[in-house]
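Here are a few notes from going through the model. Have it open while you read.

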Amino acid sequence: MGPIREALSAVPPALLADLKNRHTEPDRRYHDWTHIEALLGHLENAAPRIENTQAVLYAILFHDAVYDPRASDNEQRSAELLVQTATFLKRDTLTLAKRLIDATDGHALPGDLTGTALEDCGHFLDMDLGILGASEERFAIYEEQIRFEYRHVTPADYRIGRARVLRHFADRDRLYFTAWGQDRFEAAARTNLARSLAALEG
(Lines give C-alpha, C1' and ligand atoms only; values in the text may rest on other atoms or scores of the structure.)
Protein backbone atom coordinates (compact mmCIF):
# COMPACT_ATOMS: atom_id res chain seq x y z
CA MET A 1 0.00 0.00 0.00
CA GLY A 2 1.39 3.40 -1.03
CA PRO A 3 1.50 6.43 1.26
CA ILE A 4 -1.61 8.00 -0.22
CA ARG A 5 -3.66 4.84 0.17
CA GLU A 6 -2.44 4.67 3.76
CA ALA A 7 -3.54 8.27 4.30
CA LEU A 8 -6.91 7.46 2.71
CA SER A 9 -7.36 4.56 5.13
CA ALA A 10 -7.06 7.09 7.99
CA VAL A 11 -10.02 9.14 6.76
CA PRO A 12 -12.94 8.64 9.19
CA PRO A 13 -15.08 5.82 7.71
CA ALA A 14 -18.38 7.69 8.12
CA LEU A 15 -16.97 10.74 6.34
CA LEU A 16 -15.61 8.65 3.48
CA ALA A 17 -18.92 6.81 3.16
CA ASP A 18 -20.80 10.11 2.96
CA LEU A 19 -18.46 11.41 0.26
CA LYS A 20 -18.79 8.23 -1.78
CA ASN A 21 -22.57 8.42 -1.45
CA ARG A 22 -22.58 12.02 -2.68
CA HIS A 23 -20.67 10.93 -5.77
CA THR A 24 -23.45 8.46 -6.72
CA GLU A 25 -26.00 11.23 -7.35
CA PRO A 26 -27.96 10.65 -10.58
CA ASP A 27 -26.79 13.83 -12.33
CA ARG A 28 -23.18 12.67 -12.22
CA ARG A 29 -21.41 10.77 -14.98
CA TYR A 30 -17.88 12.17 -14.99
CA HIS A 31 -17.87 13.80 -11.55
CA ASP A 32 -18.37 10.51 -9.73
CA TRP A 33 -16.06 8.47 -7.52
CA THR A 34 -14.12 7.26 -10.55
CA HIS A 35 -12.86 10.84 -10.95
CA ILE A 36 -11.74 10.86 -7.30
CA GLU A 37 -9.93 7.56 -7.77
CA ALA A 38 -8.14 8.95 -10.82
CA LEU A 39 -6.91 11.94 -8.84
CA LEU A 40 -5.81 9.72 -5.97
CA GLY A 41 -3.73 7.79 -8.49
CA HIS A 42 -2.17 11.04 -9.69
CA LEU A 43 -1.45 12.03 -6.09
CA GLU A 44 0.24 8.71 -5.46
CA ASN A 45 2.47 9.37 -8.46
CA ALA A 46 3.21 12.99 -7.55
CA ALA A 47 3.52 12.46 -3.79
CA PRO A 48 7.30 13.09 -3.66
CA ARG A 49 6.67 16.56 -5.09
CA ILE A 50 3.90 17.49 -2.61
CA GLU A 51 4.65 19.23 0.68
CA ASN A 52 1.23 19.00 2.37
CA THR A 53 -0.13 15.72 1.07
CA GLN A 54 -3.00 15.74 3.56
CA ALA A 55 -4.25 19.09 2.29
CA VAL A 56 -4.14 17.86 -1.30
CA LEU A 57 -5.79 14.57 -0.31
CA TYR A 58 -8.73 16.33 1.35
CA ALA A 59 -9.01 18.78 -1.52
CA ILE A 60 -9.35 15.81 -3.86
CA LEU A 61 -11.94 14.12 -1.67
CA PHE A 62 -14.10 17.23 -1.23
CA HIS A 63 -13.63 19.32 -4.38
CA ASP A 64 -16.70 17.89 -6.13
CA ALA A 65 -18.60 16.86 -3.00
CA VAL A 66 -21.32 19.34 -3.97
CA TYR A 67 -22.08 19.06 -7.68
CA ASP A 68 -25.18 20.43 -9.36
CA PRO A 69 -24.69 21.07 -13.09
CA ARG A 70 -27.36 23.78 -12.90
CA ALA A 71 -25.59 25.71 -10.12
CA SER A 72 -22.70 28.16 -10.26
CA ASP A 73 -21.46 27.85 -6.68
CA ASN A 74 -20.43 24.19 -6.48
CA GLU A 75 -16.81 25.01 -5.64
CA GLN A 76 -17.77 27.38 -2.85
CA ARG A 77 -20.27 24.95 -1.35
CA SER A 78 -17.80 22.07 -1.58
CA ALA A 79 -15.16 24.15 0.21
CA GLU A 80 -17.68 25.11 2.89
CA LEU A 81 -18.60 21.46 3.39
CA LEU A 82 -14.92 20.63 3.89
CA VAL A 83 -14.55 23.34 6.55
CA GLN A 84 -17.70 22.21 8.34
CA THR A 85 -16.85 18.52 8.20
CA ALA A 86 -13.07 18.05 8.46
CA THR A 87 -12.66 19.96 11.73
CA PHE A 88 -10.16 17.35 12.94
CA LEU A 89 -7.52 18.57 10.47
CA LYS A 90 -4.79 20.94 11.57
CA ARG A 91 -5.77 24.54 10.90
CA ASP A 92 -3.07 25.18 8.27
CA THR A 93 -3.95 21.95 6.47
CA LEU A 94 -7.67 22.72 6.47
CA THR A 95 -7.05 26.29 5.29
CA LEU A 96 -4.87 25.13 2.40
CA ALA A 97 -7.28 22.37 1.39
CA LYS A 98 -10.06 24.97 1.22
CA ARG A 99 -7.92 27.30 -0.91
CA LEU A 100 -7.17 24.43 -3.30
CA ILE A 101 -10.88 23.75 -3.76
CA ASP A 102 -11.58 27.46 -4.22
CA ALA A 103 -8.95 27.48 -6.99
CA THR A 104 -10.93 24.98 -9.07
CA ASP A 105 -13.34 27.84 -9.81
CA GLY A 106 -11.56 29.05 -12.93
CA HIS A 107 -8.59 26.72 -12.49
CA ALA A 108 -6.09 29.49 -11.85
CA LEU A 109 -3.36 29.76 -9.24
CA PRO A 110 -4.44 31.99 -6.32
CA GLY A 111 -2.43 35.16 -5.95
CA ASP A 112 -2.30 34.82 -2.17
CA LEU A 113 -0.39 31.51 -2.13
CA THR A 114 3.40 31.32 -2.20
CA GLY A 115 6.17 28.76 -1.85
CA THR A 116 5.26 25.11 -1.32
CA ALA A 117 1.56 25.95 -0.87
CA LEU A 118 1.52 27.42 -4.38
CA GLU A 119 3.37 24.38 -5.71
CA ASP A 120 0.87 22.05 -4.02
CA CYS A 121 -1.97 24.02 -5.58
CA GLY A 122 -0.40 23.79 -9.02
CA HIS A 123 -0.05 20.03 -8.72
CA PHE A 124 -3.64 19.67 -7.50
CA LEU A 125 -5.03 21.72 -10.37
CA ASP A 126 -2.92 19.74 -12.85
CA MET A 127 -4.31 16.49 -11.43
CA ASP A 128 -7.86 17.78 -11.78
CA LEU A 129 -7.25 18.67 -15.44
CA GLY A 130 -5.38 15.46 -16.17
CA ILE A 131 -8.43 14.18 -18.06
CA LEU A 132 -7.73 16.71 -20.82
CA GLY A 133 -4.51 14.83 -21.52
CA ALA A 134 -6.09 11.39 -21.58
CA SER A 135 -6.06 9.08 -24.58
CA GLU A 136 -8.29 10.00 -27.50
CA GLU A 137 -10.70 7.21 -26.58
CA ARG A 138 -10.93 8.22 -22.90
CA PHE A 139 -11.31 11.88 -23.80
CA ALA A 140 -14.24 11.04 -26.09
CA ILE A 141 -15.94 9.20 -23.22
CA TYR A 142 -15.26 12.18 -20.96
CA GLU A 143 -16.94 14.51 -23.45
CA GLU A 144 -19.98 12.23 -23.56
CA GLN A 145 -20.10 12.16 -19.76
CA ILE A 146 -20.01 15.94 -19.52
CA ARG A 147 -22.75 16.21 -22.15
CA PHE A 148 -24.92 13.89 -20.05
CA GLU A 149 -24.38 16.04 -16.97
CA TYR A 150 -25.55 19.05 -18.97
CA ARG A 151 -28.37 17.26 -20.74
CA HIS A 152 -30.75 20.01 -19.55
CA VAL A 153 -28.96 22.42 -21.92
CA THR A 154 -30.12 22.63 -25.54
CA PRO A 155 -27.67 21.34 -28.17
CA ALA A 156 -27.02 24.81 -29.58
CA ASP A 157 -26.41 26.38 -26.18
CA TYR A 158 -24.26 23.46 -25.11
CA ARG A 159 -21.99 23.81 -28.14
CA ILE A 160 -21.46 27.49 -27.36
CA GLY A 161 -20.91 26.96 -23.64
CA ARG A 162 -18.68 23.94 -23.99
CA ALA A 163 -16.56 25.63 -26.65
CA ARG A 164 -16.14 28.62 -24.33
CA VAL A 165 -14.90 26.37 -21.51
CA LEU A 166 -12.46 24.44 -23.68
CA ARG A 167 -11.26 27.60 -25.45
CA HIS A 168 -10.44 29.08 -22.04
CA PHE A 169 -7.94 26.28 -21.53
CA ALA A 170 -6.72 26.02 -25.12
CA ASP A 171 -5.80 29.72 -25.20
CA ARG A 172 -3.46 29.44 -22.24
CA ASP A 173 0.25 29.63 -22.96
CA ARG A 174 0.59 26.63 -20.66
CA LEU A 175 -2.31 24.36 -19.81
CA TYR A 176 -0.54 22.92 -16.78
CA PHE A 177 1.21 24.76 -13.98
CA THR A 178 3.91 22.27 -13.02
CA ALA A 179 6.61 20.35 -14.85
CA TRP A 180 4.92 17.18 -13.59
CA GLY A 181 1.66 18.10 -15.29
CA GLN A 182 3.23 19.44 -18.46
CA ASP A 183 5.32 16.32 -19.00
CA ARG A 184 2.36 14.00 -18.55
CA PHE A 185 -0.59 15.81 -20.08
CA GLU A 186 0.24 18.93 -22.11
CA ALA A 187 0.85 17.46 -25.58
CA ALA A 188 -2.14 15.11 -25.55
CA ALA A 189 -4.37 17.80 -24.03
CA ARG A 190 -3.53 20.21 -26.85
CA THR A 191 -4.48 17.57 -29.40
CA ASN A 192 -7.71 16.64 -27.61
CA LEU A 193 -8.77 20.27 -27.20
CA ALA A 194 -8.04 21.12 -30.82
CA ARG A 195 -10.10 18.17 -32.05
CA SER A 196 -13.02 18.90 -29.74
CA LEU A 197 -13.04 22.62 -30.53
CA ALA A 198 -13.00 21.90 -34.26
CA ALA A 199 -16.15 19.79 -33.81
CA LEU A 200 -17.87 22.34 -31.55
CA GLU A 201 -16.97 25.44 -33.55
CA GLY A 202 -16.91 23.95 -37.03
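The points below go through some spots in this predicted model.

1. Start with the aromatics. There are six aromatic pairs in the count. In one of them, Tyr30 and Tyr142 have ring centres 4.8 Å apart and planes at 70°, so this one is edge-to-face. Tyr30 sits in the loop between helix 2 and helix 3, while Tyr142 belongs to helix 8, so the pair ties together parts 112 residues apart in sequence.

2. Tyr142 has another partner: it makes a tilted pair with Phe139, at 5.5 Å centre to centre and 50° between the planes. These two are three residues apart in helix 8, about one turn. Tyr30, Phe139 and Tyr142 form one aromatic cluster. Tyr30 is buried at 7% relative accessibility, Tyr142 is buried at 8%, and Phe139 is buried too.

3. Two arginines are worth a look. Arg29 lies over the face of Phe148, 3.9 Å from the ring centre. Arg147 has its charged end over the ring of Tyr158, 4.3 Å from the centre.

4. Which residues of helix 9 are buried? They are Tyr158, Arg162, Ala163, Leu166, Phe169 and Ala170. They span an arc of only 125° around the axis, which puts them on the same side of helix 9. Helix 8 and helix 10 are among the elements covering them. Ile160 and Arg164, on the other side, are exposed.

5. Last, His123 in helix 7. His123 counts as buried, at 3% relative accessibility. Its side chain reaches the backbone oxygen of Glu119 at 2.8 Å. Leaving aside neighbours within four places in sequence, His123 contacts Arg49, Ile50, Thr178 and Trp180.

Key: Residues numbered from 1 in each chain as written. Predicted model: local features only at pLDDT ≥ 70, side-chain atom pairs only at ≥ 80, totals over all residues. Heavy atoms only, no water. Helix = DSSP H or I, 4+ residues; strand = E, 2+ residues; numbered from the N terminus. Buried < 20%, exposed > 50% of the residue type's maximum accessible area, 1.4 Å probe, protein only. Polar contact = N/O pair within 3.5 Å; in protein donor to acceptor, adjacent residues only side chain to side chain. Contact = heavy atoms within 4.5 Å. Arc of directions from axis to C-beta. Phe/Tyr/Trp six-rings, centres within 6.5 Å; stacked < 30°, edge-to-face > 60°. Lys NZ or Arg CZ within 6 Å of the ring centre and 35° of its normal.
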